[in-house]
Amino acid sequence: MVLSKLMCNFGAVKCKQWFIKIWMLGVICFTPGFLYAEENADSLLVSRVFDYQRNYAYCVEGYENNVYLKYSFFTDKRNFTLFLIPHMYSIAKGDRAYVGESYCRMIYKDLNDYELKRQVSVGNIAHYSKALPTVLELLTPNLYNVCLFPQHILSPFHRSNAHYYRYRVTIIGNGQAVIAFKPILPNTQLVSGQAYVRYETGQITMVELEGEYDMIDFKVSIQQGESGVQSLLPKHCELEARFDFMGNHVRSYFDAYYNCPTTLPDTLESVNDMALMDKVRPVPLEETEQKVYDDYYQDDDDTQDNDTIAHHGSRFWKDIMWDVVGDNLFTSINAGNDVASIRFSPLLNPQYLSYSHSRGLSYKIKMGARYNFSEHRYLTLNPELGYNFKFKQFYFTAPLRMTYNPKRDGYAEIVVGNGNRISNSSVIETIKDSVDLSDLDLFTDNHIEVRNNVEAFDWLAIMTSFTYHYRRAINAERMEALGKPTIYRSFSPVLSLKVTPWKNGPVFVLDYERGIKSVWKSNIGYERWEMDGVWKIPLHSLSLLNVRVGGGFYTNKSTSYFVDYANFRDNNVPGGWEDDWTGQFQLLNSAWYNASDYYIRTNLSYETPMFFATWLPLIGRYIETERIYASAAFLDHTRPYYEVGYGLTNRYFSAGFFASFLNGKFQDSGFKITLELFRKW
């Protein structure tokens, strides 16, 4: 009995010991630092990379260096569609091999903002400085930022993007390690590759990246600087890019050397001098590059020797006039010097061709000109032209601005435009029982506005202005038959206060407008108040919350007046994804904007680079950004109006799908689409 009891106790002790052993084995297996100590060490190293810029922060403001860049293009296949692509006209019509070089001065304001001043440029391609311009961004990535390139491609070396990547660390000795990274799913906003890192600090010494960027497949190898400021910037960069589009195949190679020893005078700018380039070039040309140069100069000499007077006329039209028209038909025009400059959007600009369910097809062109009187005083003219095919109306606005105090945003401005057609509220009430109401309440709206703006304080800007409207009935004959005026004029002083409580915070605007009769035949008297608040709240990994809240009302109005709010109006010539998709109503009836004594509006949108559609098979990898929309409007003549929507954008187009609800019941649905193809080019 005693023996049996002892055996049981011994067995219990043994069982308890075995249980403890099994429990300890589980702890060892599933606790980082024991069996998976290497994985824990990997996490620590990746964390050091995330924190490197913060722990070893260097101010790059004002940092300058000399940059040498050489590049080459080889066209394997091409067809007529290559002529339609911005900045590719010269490659489309000319030789199949091109080489170019540039020696530049790079001046940093911060890691995301720098100026690249070309001092010497040579090459055998016409307009060589413009060919594949987006590729140049790939040569100067900001490795430790949220984005490797401006607002594009999530960096694997920023903590907020860690959940988009998988990492594997290999120790290679001498205080060095290799971090291999790849996306959790294929997407054009992510890259794969490997980075060589100093184990103790997390400093990246070299990185190899592979990915896609705006129609371009690229592989880039970057060697970072050794220490100090230079450790945050590239030292040497090699880039291989391939452009494939509609049967066109173009290969390009870029080789950039930073911190070159030769410093040229600041007065040199875009000099085409091969002898000077031979002196500053830090590395010799390769045989293939030299051969392209030799063939080009030999052909040029032969052409000059064989040219006759009879040929000059044909060469003028073929090589000059045709180039000017052809190159700028689909490409932005930019020209100027230190004193004056001009710019035009392409004559055929697919980026500003858009279609929506409620507004139909529209097209827009932008232009600009600038004249510098001095560093702190300059004149600008930035007109916009547009045409809406559904309403068959041409729109324009032409702001002429004299900036006299850039530091305080001080400027005087004259704006001339015609705006959207507007309805007259009193006319609606008078003729609402008529048999045919078509166009009877619609008026053209030509206007001119004179403004002056200045920042009184860092947080307060004051704008004073005078506005004059000349409104004429679309159907003047029928209006006269009804005994209603066909022309309305209004003159009004306006006071606008813009308040920014803190940097990168919300912006609040208060507008007050008073219509005065008898000034320049003005026959409308009214008083308008409007409040508007806008806040773009940046979140993690390029996510953004857009908030807009506002309201307005009319007081002291005459019997015949136009409701014309400054912040609550229709836009029949909208822009692209970045222009005005947020903070606007997409399905709201255009007449409702001009038929309410007051309004209260709220617009919310949340956008993120990888949300829902990016997980879809086949098409998900091309979805770059998605948005969720929610809007509401409260007007005095109708019940509460709500609008919800979903939008997405990629390298080809942006699309949005919307639904509206009135008094809690479904009212309408529609969509909007704009072309994004080559928008960044």
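Where is Leu 542 found? Leu 542 is in the loop between β26 (526-538) and β27, with helices (H or I, at least four residues) and strands (E, at least two) taken as DSSP runs numbered from the N terminus. Its phi is positive, at about 70°, although Leu 542 is not a glycine. The model is a predicted one, in which local features need pLDDT of at least 70 and side-chain atom pairs count only at pLDDT 80 or more, while totals for chains, interfaces and linings use all residues. Numbering runs from 1 along each chain as its sequence is written, and side-chain values use heavy atoms, with hydrogens and water left out.

As for the chain overall, its secondary structure comes to eight helices and 32 strands. Of its 681 residues, 44% count as buried, where buried means under 20% relative accessible area, exposed means over 50% and partly exposed is in between (1.4 Å probe, protein chains only). Contact here means heavy atoms within 4.5 Å. Among contacts between residues at least 6 apart in sequence, 56% join residues at least 24 apart.

Asp 409 also has a positive phi, about 50° in this case, without being a glycine. Asp 409 belongs to the loop between β19 (393-405) and β20 (410-417), and is partly exposed, with a relative accessible area of 29%.

Then there are the nonpolar cores, meaning sets of buried Ala, Val, Leu, Ile, Met, Phe, Trp, Tyr and Cys residues joined through side-chain atoms within 4.5 Å. The largest has 67 residues, and the members touching the most others are Ile 204, Val 207, Leu 209, Phe 218 and Phe 243. Setting aside neighbours within four places in sequence, Leu 209 is in contact with Leu 148, Phe 181, Val 191, Ser 192, Phe 218, Lys 219, Val 220 and Ile 222. Another core lies apart from it, with 22 residues that include Tyr 488, Leu 587, Tyr 593 and Tyr 641.

Now for the rings. Those of Phe, Tyr and Trp (its six-membered ring) pair if their centres lie within 6.5 Å; planes under 30 degrees apart count as stacked, over 60 as edge-to-face and the rest as tilted. By that count, the structure holds 33 aromatic pairs. One of them brings together Tyr 554 and Tyr 565, edge-to-face at 5.2 Å centre to centre and 70° between the planes. This pair links distant parts of the chain, 11 residues apart: Tyr 554 is in strand β27 (residues 544-555), and Tyr 565 is in the loop between β27 and β28 (598-608). Both of these tyrosines, Tyr 554 and Tyr 565, are buried. Phe 634 and Tyr 642 pair up as well, and because their ring planes stand at 90° with the centres 6.2 Å apart, this pair is edge-to-face. Phe 634 is partly exposed, with a relative accessible area of 32%, and Tyr 642 is partly exposed too, at 35%. Elsewhere, Phe 50, Phe 157, Tyr 165, Tyr 167 and Phe 181 make up one aromatic cluster.

A charge sits over a ring if NZ of Lys or CZ of Arg is within 6 Å of the ring centre and within 35 degrees of the ring normal. Arg 401 lies over the face of Tyr 411, 3.6 Å from the ring centre, and Arg 621 has its charged end over the ring of Tyr 622, 5.4 Å from the centre.

Next come the strands around β30. Seven of the nine residues of β30 (residues 641-649) are buried, so this strand is largely enclosed by the rest of the structure. Two strands pair if DSSP finds at least two bridges between them. Strand β29 (residues 625-635) runs antiparallel to β30 and is joined to it by nine bridges, with Tyr 629 standing opposite Gly 645 in β30. Nine bridges also join β30 to strand β31 (residues 653-662), again antiparallel, and here Glu 643 stands opposite Ser 660 in β31. With three residues between them, β30 and β31 form a hairpin.

Asp 445, in strand β22 (residues 442-457), is buried, with a relative accessible area of 6%. Its side chain makes a polar contact with the side chain of His 469 (2.8 Å); such a contact is a pair of N or O atoms within 3.5 Å, and within protein one must be able to donate a hydrogen and the other to accept it, with residues adjacent in sequence counting only if both atoms are side-chain atoms. Leu 381, in strand β17 (residues 377-381), counts as partly exposed at 34% relative accessibility.
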